[in-house]
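Please open the model in your viewer and keep a selection tool at hand.

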Amino acid sequence: MKFLLSTLKISINDKIYLKDPESSDLGKRIIEHSIKLIDKIGFDSFTFKKLGALIGSNESSIYRYFDSKHKLLLYLASWYWAWLEYQLVFSTTNMNDSKLKLEKAIDILTQTIEADSTFEHIDEVTLNRVVINEYSKSYLTKEVDIENKEGYFSIYKRLLNRLHDMIIEVDPSYKFPHSLSSTIVEGALHQHFLKDHFKSLTDCDHKTQPSDYFKHLVFNALNTTPND
């Protein structure tokens, strides 16, 4: 799968950026170090001025790629969801057993992220922490409906729709496949957050992973069991 991923370019809605950051060394450094800086100080404290100082570039040069830090966060989140989508597609495309396919999908979408050397300028482990801690800030805005119409969340929605299709493949009679799909993906972020910060509010820990919880939840909701 790593070889296949290495031959692909993750495509992001070009309305999110002014200049494709993948098109230049500076753009890639903006992405690489914005992930590290947001992880270190948080999105609220993050500014292009601080990022510019970190990468040794003028603040104005960053504005040639993104017109706001909100757009940059949208880009990072979109990249993350597209990266997960590629993993999902490549890992399940030749699986004929619908239950095994759904189980594999849940593993991929709720897992603890491990390092992936495919994209040298992006640390997926760090980006995962950024998404867990900051993703909701990309859509909890007054502009969310406008941005949704512009397709800013299309990759995220496409990922959830793939999961939706796998759910109804297992149980076509299930009444809430869209709700269950979004619960798995959003809930996984929340459970990882709780596991790291509010340990008394979750049963997930170093032994019990969010993937264990969500497989139990999903297959009980579908009134079936994995691999039965």
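**Salt bridges, stop by stop**

Begin by selecting D67, which is partly exposed, with a relative accessible area of 39% (buried means under 20% relative accessible area, exposed over 50%, and partly exposed in between, with a 1.4 Å probe and protein chains only). This is a predicted model, in which local features need pLDDT of at least 70 and side-chain atom pairs count only at pLDDT 80 or more, while totals for chains, interfaces and linings use all residues. Residues are numbered from 1 along each chain as its sequence is written, and side-chain values use heavy atoms, with hydrogens and water left out.

K71 counts as buried, at 12% relative accessibility.

Next, select E103 and K215, whose side chains form a salt bridge at 3.9 Å, N to O. E103 lies in helix α6 (residues 98-110) and K215 in helix α11 (residues 210-221), so this pair ties together parts 112 residues apart in sequence; helices are DSSP runs of H or I with at least four residues, numbered from the N terminus. E103 is buried, at 15% relative accessible area, and K215 is buried as well, at 17%.

Then move to E150 and K15, a salt bridge in which the closest N and O atoms are 2.9 Å apart. E150 sits in the loop between α8 (144-149) and α9 (154-170), and K15 in the loop between α1 (2-6) and α2 (25-41), 135 residues apart.

Finally, select D44, E134 and K137, which are linked in a network of salt bridges.

Notes: A salt bridge is a side-chain nitrogen of Lys or Arg within 4 Å of a carboxyl oxygen of Asp or Glu. Helices (H or I, at least four residues) and strands (E, at least two) are DSSP runs, numbered from the N terminus.
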